[in-house]
Amino acid sequence: MTFSCSRVNKSRFSVLFGVPVAFWGILWNVMLAEISRKSLQVLEVNQLKDQELLRTYVFFLFVWCLAGIGFVVYFIIAEYLLHAMCIFCTMVHVLIVLAFAFVHQIFKSIRMFPEVVQMVKKMRKYILSLGVAAVLLILVFNFGLVHKAQGHSGLEHRKYDTLSFARCMTKNGFTMFGSMSCGHCVEQKEIIGPAWEFTKFVECQETDCESKNVTGFPTWIQIMDDKEIQRHEGLMSLDELSNFTKCDLESL
């Protein structure tokens, strides 16, 4: 086990539904803060008038913190599989566990749990906001808006003869290891464009990539005569790929 945030952040576990998990974490924390604020507001202003509303908020907080614990377990498993631990992630995990423990203590004091239907009705504003935020994140990160802002748009390949470029990479023993469930891998495919079919690719969900010590997606490895020459972990633009592989990009 090594301490490496970069290995964790560049791994296939760093993206969920095509969205970096950091953004899911931001969404989780924003919702936690908002529901906590509303719970305190109800407790201070309406303590005796609306106990049902207070129970609803506390129950929703408990479910929300339980979802946070699910993410903690997800990352612990990821770190175990990657043989790497991120100190920053561990600190966040501790805070989530503490939040869950605190809310759990309040949750145990509830004598009557709210009905699910009633809870959904009272929390529909937050549930709808969560749904809209989640859909927006997925659309933004999966349909090129962020990619274009970063200069990695799927139109980059139109400026170059990527067919010859891809054939050069394959001839020189370059292989991309990854998974089409990985957002960065899909983006790498879009960057290369139609010449992708001439690029050597190993789908790690169908092949044991751990034998090659592949811990992050995508990973480019140059292999000649069954011997590894060099590797690069992470998404690259066409110019970066050209510098790495020493294959020339010819303008159209």
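Buried means a relative accessible area under 20%, exposed means over 50%, and partly exposed lies in between (1.4 Å probe, protein chains only). All views show a predicted model, in which local features need pLDDT of at least 70, side-chain atom pairs count only at pLDDT 80 or more, and totals for chains, interfaces and linings use all residues. Residues are numbered from 1 along each chain as its sequence is written, and side-chain values use heavy atoms, with hydrogens and water left out.

**View A. The disulfide of Cys204 and Cys209.** A disulfide is a pair of cysteine sulfur atoms within 2.5 Å, and by this rule the count comes to two. In the link of Cys204 to Cys209 the S to S distance is 2.0 Å. Both cysteines, Cys204 and Cys209, are buried. The angle about their S-S bond is -95 degrees, and the link of Cys204 and Cys209 is left-handed.

**View B. The disulfide of Cys168 and Cys247.** The sulfur atoms of Cys168 and Cys247 are 2.1 Å apart. This link is also left-handed, with -85 degrees about the S-S bond. Cys168 lies in helix α8 (residues 162-171) and Cys247 in the segment after α10 (238-245), so the pair ties together parts that are 79 residues apart in sequence. Helices (H or I, at least four residues) and strands (E, at least two) are DSSP runs, numbered from the N terminus. Cys168 is partly exposed at 23% relative accessibility, whereas Cys247 is buried at 0%.

**View C. Helix α9 and the residue after it.** Helix α9 spans residues 183-192, and its buried residues are Gly183, Cys185, Glu187, Gln188, Ile191 and Ile192. For Cys185 the relative accessible area is 0%. Gly193 follows α9 and has a positive phi, near 80 degrees.

**View D. Aromatic pairs.** Rings of Phe, Tyr and Trp (its six-membered ring) pair if their centres lie within 6.5 Å; planes under 30 degrees apart count as stacked, over 60 as edge-to-face and the rest as tilted. The count by this rule is eight aromatic pairs. Tyr74 and Phe75 make an edge-to-face pair, 5.3 Å centre to centre with 85 degrees between the planes. Tyr74 is partly exposed at 25%, and Phe75 is buried at 12%. The ring centres of Trp196 and Phe201 are 5.3 Å apart with planes at 50 degrees, so this pair is tilted. Ring pairs also link Phe59, Phe62, Phe100 and Phe107 into a cluster.

**View E. Arg167 over the face of Phe198.** A charge sits over a ring if NZ of Lys or CZ of Arg is within 6 Å of the ring centre and within 35 degrees of the ring normal. Arg167 lies 4.7 Å from the ring centre of Phe198.
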